[in-house]
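Subject: Structure for your review

Dear colleague,

My notes on it follow.

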Amino acid sequence: VINQDETLSFNYNGEATVRIYTVAGELIREMSINIPWDGTNQNGGKVAPGVYLFLLKAPDGSVGRGKILLIRK
């Protein structure tokens, strides 16, 4: 759950880039792993509640993938 006081941090110890996509494959946000996601898109607008996919990529080529369920109150 992300509201105006909450953010989502990724549990990864190292440098990486995080890309967040809609389930349709549209890129919503790209950021450093060190920046928590606040439920906004690249332009700072709030994204709709729903399922999002993330792709974490480290400089050595390592990749992590997962899903995020965003619920707004």
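Does threonine 22 count as buried or exposed? At a relative accessibility of 16%, threonine 22 falls under the 20% cut-off and therefore counts as buried. Please bear in mind that this is a predicted model, and that the values in this message are computed from it.

Threonine 22 has its place in strand 1. Apart from its neighbours within four places in sequence, threonine 22 is in contact with Ile28, Tyr52 and Leu53. The C-alpha atoms of leucine 53 and valine 23 are 6.4 Å apart, although 30 residues separate the two along the chain.

The model contains an open sheet of four strands in the order 2-1-3-4, with antiparallel pairing. Strand 2 and strand 4 are the edge strands, each pairing on one side only. On average, and with direction ignored, neighbouring strands of this sheet are turned by 20° against each other. In general, the strands of a sheet pair through backbone hydrogen bonds.

Strand 1 pairs with strand 3 in the antiparallel sense over six bridges; here tyrosine 21 has leucine 53 of strand 3 as its bridge partner. Strand 3 is joined to strand 4 (residues 63-70) by eight bridges, and these two strands also run antiparallel. Across that pairing, leucine 55 has arginine 65 in strand 4 as its bridge partner. Strands 3 and 4 form a hairpin with five residues between them, and glycine 61 in the turn shows a positive phi of about 95°.

Aromatic pairs

There are two aromatic pairs. In one of them, the ring centres of phenylalanine 10 and phenylalanine 54 lie 5.0 Å apart with the planes at 65°, so the pair is edge-to-face. Phenylalanine 10 sits in the segment before strand 1 (17-22) and phenylalanine 54 in strand 3 (residues 50-57), so the pair ties together parts that are 44 residues apart in sequence. Phenylalanine 10 is buried, with a relative accessible area of 14%, and phenylalanine 54 is buried with a relative accessible area of 18%.

Tryptophan 37 and tyrosine 52 also form an edge-to-face pair, with 5.9 Å from centre to centre and 65° between the planes. Tryptophan 37 lies in the loop between strand 2 (27-32) and strand 3, whereas tyrosine 52 lies in strand 3, so this pair links parts that are 15 residues apart in sequence. Both tryptophan 37 and tyrosine 52 are buried.

Salt bridges

The count of salt bridges comes to two. One joins the side chains of glutamate 30 and arginine 19, at 3.4 Å from N to O. Glutamate 30 is in strand 2 and arginine 19 in strand 1, so the pair ties together parts that are 11 residues apart in sequence. Glutamate 30 is partly exposed at 33% relative accessibility, and arginine 19 is partly exposed with a relative accessible area of 25%.

Aspartate 38 forms a salt bridge with arginine 29, and the closest N and O atoms are 3.4 Å apart. Aspartate 38 counts as partly exposed at 35% relative accessibility, whereas arginine 29, at 16%, counts as buried.

With kind regards

Notes. Residues numbered from 1 in each chain as written. Predicted model: local features only at pLDDT ≥ 70, side-chain atom pairs only at ≥ 80, totals over all residues. Heavy atoms only, no water. Phe/Tyr/Trp six-rings, centres within 6.5 Å; stacked < 30°, edge-to-face > 60°. Buried < 20%, exposed > 50% of the residue type's maximum accessible area, 1.4 Å probe, protein only. Pairing = 2+ DSSP bridges. Axes fitted to C-alpha atoms, helices over the stretch in contact; angles between N-to-C directions. Contact = heavy atoms within 4.5 Å. Salt bridge = Lys/Arg side-chain N within 4 Å of Asp/Glu carboxyl O.
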